[in-house]
Amino acid sequence: MKEYDLGTERIGRLIRHFSVPCVISMLVAALYNIVDQIFIGWSSAGAYGNAATNIVYPFTVLALGIALLVGDGSAANFSLNLGRKDKDMADKAVGNGLLLLVSMSIVLCSAGFAFRPQVLRLFGANPAEELCYGYAEQYFSVICAGLPLYMIGQGLNGSIRADGSPKYAMACTLAGAIANLVLDPLFIFVFGMGVRGAAIATVIGQLLTFLMSVTYLSRSKNFHVTRKSIRADRSVIGRIISIGMASLIVQLSIVIIIGVNNNLLARYGYQTVASTGIAYGPVIPLAVVGIVMKVFGIVVSVVIGISLGGQPIIGFNMGAGNTLRVKQTVTLITRLVLAIGFACFLEFELMPSAIISLFGRNNSPEYMEYARICIRIFLGGIVLTCYIKSAAIILQSLGKSFKSTMLALLRDVIVFVPASLLLAVASHSIITMLWASVISDAVAFTVGLVFIRTEMRNLCSPSEILKSHGTKRINSCA
């Protein structure tokens, strides 16, 4: 905050300062699972191991969703209070957020161990597929044990960024990812621990991120975690949950998507035949869709990282009444995410085989065929997806938690899940069901565009501009 004035510094410079480290942090967080999947794909476990990690993946996304619910809600609340110069409430936003992270992570970890068989079956595991199910059990047990480290480390990241230390926030997640990247091949190939070794490497990386994040609490710039700030305050907790709900919905929607898809893939995989005349079966689509969802997650991480990087700028200027700077920030963020979406669209449509080849060797013709189809159809609306994900974060930053939550729900739950079910049941095809993604993108994009345009018009009323910027600046908000 001392280096950059959020109320006067150039918007482009502020976006670069906050978003670049944030994008790297989000990418690193997304890479935890994708790195495991790459190394597992090249190990003896192959497609069976990748299918197993896809079964466990929704549970880790649920953990991340809860961490972001608290972390993003706490960070946004902190920024708004800092803009209002309310130091006590800013401290409480961070302190109560930490309290929630510790409590929720312990509860989720305990529930995971208590209901492990039910969780695995819920996300598509079939005990009859003994090899795949065994790998899923191994991976799940280790990952579940490390959930408190993962959730607290990720949840504190938002407050560290909002405190004016985006580079340190980036370093926290980067250190964990590098540790995972180095340890994965060591545990999988050198020690011969396979899928379990990949999970152990992941948890060690999460431990490093956790330690660095907790250490920051003693050196923060604009907040102090004390007994007073950490004491539970219902009103503060309510605001954290309300503002952060959209972040949970974004992640929870991924959980629902994967859960529904996994069960549909397992059910109709035997009924869909490749051009070779051989049915895909359950393992190939589970492995492929898991990989495609990880690739999807990488793109979304970049978009969310850029959007979250603008959150302190939007929150501060909203609190200070600088409405014109809010609109300028939103406009720049939108242009950036649309450009990223278009570049990714070209890559997915033109080079699907190159992407899928990163995740293993000696794949069957049926595997490669379904992978190419899946990437081109499922990710066909990626430009629209980028806008939708960014718009949800922007609405959250503006304090419009209801609209933000509704937009996230519309794309990933309200439209996508019923469309997937209807298409799969009607066609009995694991190819036709992929079009549900494009349908949901088109609907949610339209609604998101209306939401953002409405909020921008409300921000740019002449009375607000006159109050903050004078008569010469009115036209710039048109």
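The model is predicted, so local features are described only where pLDDT is at least 70 and side-chain atom pairs only at pLDDT 80 or more, while totals for chains, interfaces and linings use all residues. Residues are numbered from 1 along each chain as its sequence is written, and side-chain values use heavy atoms, with hydrogens and water left out.

Let us start with helix 2, which covers residues 46-83. Helices here are DSSP runs (H or I, at least four residues), numbered from the N terminus. Helix 2 has 38 residues and reaches 51 Å from its first C-alpha to its last, close to the 56 Å expected at 1.5 Å a residue. That expected span is 1.5 Å times one less than the number of residues.

Helix 2 also bends, by about 35° at Val56, and the proline Pro58 follows within four residues. The bend is the angle between two fitted axes, one for the seven residues ending at the position and one for the seven starting there.

How much of helix 2 is buried? Of its 38 residues, 35 are buried, so helix 2 is largely enclosed by the rest of the structure. Buried means under 20% relative accessible area, exposed means over 50%, and partly exposed lies in between (1.4 Å probe, protein chains only).

Asn54, in helix 2, counts as buried because its relative accessibility is 0%. Which residues does Asn54 touch, leaving aside those up to four places away in sequence? The answer is Ile258, Asn262, Leu286, Val289 and Gly290, where a contact means heavy atoms within 4.5 Å. The C-alpha atom of Asn54 is also 12 Å from that of Ile254, a residue 200 places away along the chain.

## Positive phi angles

Most residues other than glycine have a negative phi. Lys85 sits in the loop between helix 2 and helix 3 (87-114), and it counts as exposed because its relative accessible area is 73%.

His428 is another residue that is not a glycine and yet has a positive phi, of about 55°. His428 belongs to the loop between helix 17 (401-427) and helix 18 (436-459). With a relative accessible area of 37%, His428 is partly exposed.

Helix 7 (residues 166-190) has 25 residues and spans 36 Å between its first and last C-alpha atoms, close to the 36 Å expected. Helix 7 has a kink of about 30° at Leu183, shortly before the proline Pro185. Just after helix 7 comes Gly192, with a positive phi of about 65°.

Helix 7 gives the most, with 4 residues.

## Salt bridges

Side chains of opposite charge can pair when their charged atoms come close. How many salt bridges does the structure hold? There are 9, each being a side-chain nitrogen of Lys or Arg within 4 Å of a carboxyl oxygen of Asp or Glu.

| Pair | N to O distance |
|---|---|
| Lys389 and Asp412 | 2.6 Å |
| Arg411 and Asp441 | 2.8 Å |
| Glu455 and Lys400 | 4.0 Å |

Lys389 and Asp412 meet in a salt bridge. This pair links distant parts of the chain, with Lys389 in helix 16 (residues 382-397) and Asp412 in helix 17, 23 residues apart. Lys389 and Asp412 are both buried.

Arg411 forms a salt bridge with Asp441. Arg411 lies in helix 17 and Asp441 in helix 18, so this pair ties together parts 30 residues apart in sequence. Both Arg411 and Asp441 are buried. Salt bridges that share partners join Lys389, Arg411, Asp412 and Asp441 into one network.

Glu455 forms a salt bridge with Lys400. Glu455 is in helix 18 and Lys400 in the loop between helix 16 and helix 17, so the pair ties together parts 55 residues apart in sequence. Glu455 counts as buried at 6% relative accessibility, whereas Lys400 counts as partly exposed at 36%.

Technical notes
Helix = DSSP H or I, 4+ residues; strand = E, 2+ residues; numbered from the N terminus.
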